[in-house]
Amino acid sequence: MLKALWIKFKESALSVLPVALIVLILNCTPLINFGTTETVIFGCSAFLLILGIALFNLGADIAMTPMGEQIGSSLPKAGRFKTLLAVCFIMGIFITIAEPDLEALASQVKAVLSGTLLKWSIGFGVGIFLVLSVLKIVFRVSLSQMLTFFYLLLFALVSLVLINGNEAFLPLAFDSGGVTTGPITVPFIMALGLGVSASLGDKKDRESSFGFIALCSIGPILAVMALGIFAKGEIDYNIPTDKYTIVANAGEVMSTLLHTMKEVAVALLPIVACFFILQMLFMRLPRKRILQIIIGIGYTFFGLVIFLTAVNVGFMPIGYSLGEQLAQAHPALLLTLSFILGFTVVLAEPAIHVLKRQVETVTGGAVSKRSMLIALSVGVAVSITLSVVRIMFGFSILYYVIPGYFISLGLAFFVPKLYTAIAFDSGGVASGPLTSTFILPFIIGVCFVWNGYSDTAILTDAFGLVAMVAMTPLITIQALGFKAIASKTLRERNAMKRILDEDDEQIIRFM
């Protein structure tokens, strides 16, 4: 186990160090000026981030993924298909409302909507779409067709929100699709898809095991859009300065740690409780396997606690301060640094490592981990850069998401279904906790300075970043698939041309 943890630690270090080094290098330039305390706390947070991701990834391998696969495969084999649908619906609700990132979203609309109403609405959206994901496999429905239908429905709701005069809901609605697929739910839902596909899907259809994250990301957007149609009043936002101040007091660090432990425990509890209830009723796994899963749950819990504490104590304040100070630089320099930061930050998202392993396994190495990381890094880098451009010019997020999603859905008609499924899953996975707790504060800091230290523009101009991070991988990964198909077609055409160019007499003699 220690050897496996050491391997995970090295992988995590390679993921986090580029982000940390960029911040530390910028601190050595005239652009950025962090104090000694800030620098030391950031360095300690970076180390804890590495340790947290390592523990989380190990826990996902030996607990979260096997739990999802066992639930997804055991219930159909036992003839409990209706039970499987009920479990998916209930877990979709309770896992979602327990996600820590959702609490931050709910607090932004409390002036017009009850936070409880918002969280339960989003939970029902995820639950319904998790059931639809299972039915997709059973009835062999194309993921591309489902995505096209629901995104057309989504944009129809956009028009109704605009008619009602609640345009401020749009960035929050699109962001909700990213924040609800957090580090706890992603490994479990992805593994659940693998298990259901293995039991109920076509064994030759590799695409069927993907698409769960993609569909579950649509439910929250539709839910918030629907609420936005009927909501009355204006959404208020004030910068939470207490969250963007470095935590240097030991008492405050301990308070953050305890609060994070409570959040993670509440988020993990529905999955663990459901698994053990199903274990007693239907699955009957051997004790040795159960012991491994319990140990894995422990790794997952402590990994996420360390990870989230590190980002709250050190990364969130540094991200906000970094955005504030870089916003005073030349626009071209700000855009360049935003691109570089976006290119590296996706490497530190915990669930990315779960996704790339699953992709490489399911595709038999046809889609390598390296090509996946490059495509995701480019996508996230472009999304952050475009978000800064939107702050500079102050236009609606619809100018990005409408053409972006139409391009994504258009590419789905020209690339293999597998690439489309991987791409739409990747969008939800890329917009993980580090995006919410480091990049979003960075963008808020930029927006705050760029708009003359006013809070009013942050909700419309800064929010929507998570939606952008979730959208651009859809294009870059499908472009990867389009390139693969084009290369294959070109090779086949060249091979046919060489055959036709051969002398006819030689061909006859060969035959």
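The exercises below, each with a worked solution, concern one predicted model of a protein chain.

Residues are numbered from 1 along each chain as its sequence is written, and side-chain values use heavy atoms, with hydrogens and water left out. Because the model is predicted, local features need pLDDT of at least 70 and side-chain atom pairs count only at pLDDT 80 or more, while totals for chains, interfaces and linings use all residues.

**Exercise 1. The chain as a whole**

Task: State how many helices and strands the protein chain has, and what percentage of its residues count as buried.

Solution. Step one: the protein chain has 20 helices and 0 strands; both are DSSP runs numbered from the N terminus, helices being H or I with at least four residues and strands E with at least two. Step two: 58% of the 511 residues count as buried. Buried means under 20% relative accessible area, exposed over 50%, and partly exposed in between (1.4 Å probe, protein chains only). Step three: take contacts (heavy atoms within 4.5 Å). Among those between residues at least 6 apart in sequence, 86% join residues at least 24 apart.

**Exercise 2. The nonpolar core**

Task: Find which residues touch the most other members of the largest nonpolar core, and which helix gives the most to this core.

Solution. Step one: a nonpolar core is a set of buried Ala, Val, Leu, Ile, Met, Phe, Trp, Tyr and Cys residues joined through side-chain atoms within 4.5 Å. Step two: the largest one holds 163 residues, and Ile-71, Phe-174, Met-225, Leu-322 and Phe-438 touch the most other members. Step three: helix H11 (residues 287-326) gives the most to this core, with 17 residues. Step four: take Met-225 and leave aside its neighbours within four places in sequence; its contacts then include Leu-154, Leu-157, Val-158 and Phe-174.

**Exercise 3. Ala-381**

Task: Decide whether Ala-381 is buried or exposed, and list its contacts beyond four places in sequence.

Solution. Step one: locate Ala-381 in helix H14 (residues 369-393). Step two: Ala-381 counts as buried because its relative accessibility is 0%. Step three: with neighbours within four places in sequence left aside, Ala-381 is in contact with Phe-339, Gly-342 and Phe-343. Step four: Phe-343 is 38 residues from Ala-381 along the chain, yet their C-alpha atoms are separated by 4.6 Å.

**Exercise 4. Aromatic pairs**

Task: Describe the geometry of the pair Phe-149 and Phe-150 and of the pair Phe-395 and Tyr-400.

Solution. Step one: rings of Phe, Tyr and Trp (its six-membered ring) pair if their centres lie within 6.5 Å; planes under 30 degrees apart count as stacked, over 60 as edge-to-face and the rest as tilted. Step two: a search of the whole structure finds 17 aromatic pairs. Step three: Phe-149 and Phe-150 form an edge-to-face pair, 5.1 Å centre to centre with 75 degrees between the planes. Phe-149 is exposed, with a relative accessible area of 52%, whereas Phe-150 counts as buried at 12% relative accessibility. Step four: Phe-395 and Tyr-400 are also edge-to-face, at 5.3 Å centre to centre and 80 degrees between the planes. Phe-395 is partly exposed, with a relative accessible area of 23%, and Tyr-400 counts as buried at 12% relative accessibility. Step five: ring pairs also link Tyr-151, Phe-155, Tyr-405, Phe-406 and Phe-424 into a cluster.
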